[in-house]
Amino acid sequence: MQGCYPHHAPEACTWSRLAKIVTLADRLSSGERESLPEDSSQKKVVETPLTCLSTKLAGTNGALEDFPMLALEPDLKHWFSPGPHRTTYPSLWEAFNHEVAKLDKGVAFDLILQQLMSLLEKYTLFMPAAAYRDRPDISLYHHLKATAALAGCLYDLEISESLLEELLSALKGSAKHQPTLERGDFLLVAADVSGIQDFIYSVTSEKALRGLKGRSLYLELVCQAVAWQILANLELPLANLLFLGGGHFYLLLPNSQKVKEVVQLWQDRANTVLVGAHGGRLALVLHEEPVTYRNLLRAPAGQEKAWVSFAEVWRQAAAGLAREKRRKFASYWGDPQSVVEILGPMPATGEEFACPICSEELLLGPEGICEACTGFADLARKVAAARFMEFSRFDPQPLTLPFTSYEQVFQAMGVGFKFNSDDPPRPERALVLNQTDIFTPKGPCMGFTFMAHHVPRRGDGSVKTLEDLAQIATGIKKWGVLRADVDNLGLVFTEGLGPEDRTLSRLSTLSSLVSLFFSAYVQNLIQREYGESVYLVYAGGDDLCLLAPWSLLPDLSRRLRDDFSKWTRGRLSLSAGLYLAPRDKFPVYQAASEAGDLVSQAKHEGKDRLGIFGQAVCWGDLETLATVKEQLVSLLNEHGAPRALLSLIKASWQEHEQYTQTKLPLYRVWRLLYGLRRMTERLSRDKKTGAIGALTELEQTLIINHHLRSHTDIAIRWAEYLTREEG
Ligand SMILES: [Zn+2]
């Protein structure tokens, strides 16, 4: 194809059918209606960076902002601000070529394709797909990935060359060929593992941490296994996996009978295996939506309202999935044996002999926990230390019962996952974890992936327990749970982008940017700065859950919120919930569920908030409360102020609350002021002079217009816990 750029001028190329497929896929990927002239006279093309897509979202004011054009790194720190605009096309191109040259071109096509995709992700994720005839808001990587996915579908559909021509001329505006665009040639398959929350968190507190992480990883791998198997069976590349994370995935497939059969086959196989292993607590739910060529196009001016965009199809798929989830297992109810399997084993009666992690299994292994839980704990241990994930595929084996290990499930699904902390013996089968350099001394890996897997360890290498976490807290010795997720994400994906922008590659760009924050950045941050004390249960998709000494959590939640805000240029927000376990042995599932309720409360009261001590606080207010807390702590710890200071403000707060609820009697702020003056006099008699200035400062932060600052009780409790030593 020397001298021939097939996707720009297909007719000039001899491989015309393939060239037409790529041309069509390229145009559909960004929803182009027609080929506009490429205006290369326009200046500064080579200097144009990628627009940060979140700055284009509806309802967000302010100017469009850019991402610096650099190769992807897991700490994401270069992308938190626009930074100096460096023109790095030539240097990125050079680095990309250098790595491509190191690949072995003689390997299987699937492998080289996967390796190239990984290198493209690394070098072109923050490069605009087009800067001369289009707005530079689509990542080149996502444009290429979507193009490859569509081209793969078109190729498999065996569409004739004349039909390809009709479609291309329809895109050029040919009135005669417009009906061709209504063909539902693609299929968007949405999948979700239901029962995740219960499955992950239904562990008792005793030894809970050993099981928790393994369970959440196991579910991620189950999703990955099914998605990869469907694609491998259809001989489609991973490009057709549009999204994977948070227990669900989305695939773009050709709409054919064969594809539907393969999808059905894998849904049935996965559910048979999951029911066999977990007695119906977990189920894989799938939903398919047909996609037409028109769905992939941008809405033309004047037709925005009635246009069914790709984002709308995505929304319908998600809604369909939610309906399917409600009727999960409908097909199994007819068979009495299946019903027994779905309802699962009866709960253990002699609880003192049951597995202390899942409390269901009575057959315990040498460590006093059941074999399945031992397996999950083992998985967590291996993954936490891993730098590589090796993946293999083989013919599915029948599920051996009883279920004693996660490996049985993977064998029954025809996949194997192996985690290596040393260089993998067969790098071509491995994905590098949480790094973007795919080269090892033994050769290049298949690619890279991000997986939040950090757990804190003791000196002897074992995972810290909840008691260990509680012990490292400052002040009162408690552990806590933090959960957070992105506000309005469903709406953002379907309606956030302007009607003309709801295309496949934009949606793909946006969802991957959100997901990258959780899977890459959160893992990196925790490992780098909170490695000793934070147990990352899960981070990916659009949410996270972690366990830590409680005293770390308010600041950490604020840090995560601030960084997410920088990442999205303040256009998307997070709501979080922070729950302090009342005692060390408090059940993790209950603490996680309480934290989840606090997230819901934060969302209910306006979103972009933290739920803490039973209240929802705006992040901005939390910052001021942190100042009040600091002042109180320093008064007590450094200036020798008595603890009675806390009770004084608490009493005043209670009176203030009564006043705001009943409006009567008048709130008498002078009582508090009087109390503070008395305390000042006493401190000055005791020659504690530093305290006097500090008390005046506190008074100024605390009292505004003769009223106590809102949520003052949170600051009091925060300071009280930080300065209390007992557990
Ligand atoms: Zn167990």
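Eleven of the 14 residues of helix α1 are buried, so α1 is largely enclosed by the rest of the structure. The model is predicted. A residue counts as buried here if 20 or more other C-beta atoms lie within 10 Å of its own C-beta atom. The buried residues of α1 are A19, K20, I21, V22, T23, L24, A25, D26, R27, L28 and S29. Among the elements that cover these buried residues are α4 (140-156), α5 (161-171), α9 (293-296) and α16 (504-529).

Helix α1 itself runs over residues 16-29 and spans 19 Å from its first C-alpha to its last, close to the 20 Å expected at 1.5 Å a residue. Just after α1, G31 has a positive phi of about 70 degrees.

The sheet is open and consists of four strands in the order β4-β5-β3-β6, with antiparallel pairing. Strands β4 and β6 are its edges, each pairing on one side only. From one strand to the next, the twist averages 20 degrees. Strands β3 and β5 are joined by seven bridges in the antiparallel sense, and A190 stands opposite Y250 in β5. Helix α8 packs on this sheet, where α8 touches β3, β5 and β6. The direction of α8 makes about 165 degrees with that of β6.

| Strand | Residues |
|---|---|
| β3 | residues 186-194 |
| β4 | residues 241-245 |
| β5 | residues 248-254 |
| β6 | residues 283-291 |

Helix α8, which packs on the sheet, covers residues 257-278.

Key: Residues are numbered from 1 along each chain as its sequence is written. This is a predicted model: local features need pLDDT of at least 70, side-chain atom pairs count only at pLDDT 80 or more; totals for chains, interfaces and linings use all residues. Helices (H or I, at least four residues) and strands (E, at least two) are DSSP runs, numbered from the N terminus. The expected span of a helix is 1.5 Å times one less than its number of residues. A residue is buried if 20 or more other C-beta atoms lie within 10 Å of its own, exposed if 12 or fewer, and partly exposed in between; C-beta atoms are placed from the backbone. Two residues are in contact if their C-beta atoms, placed from the backbone, lie within 7 Å. Two strands pair if DSSP finds at least two bridges between them. Axes are lines fitted to C-alpha atoms, for helices over the stretch in contact, and angles run from 0 to 180 degrees between N-to-C directions.
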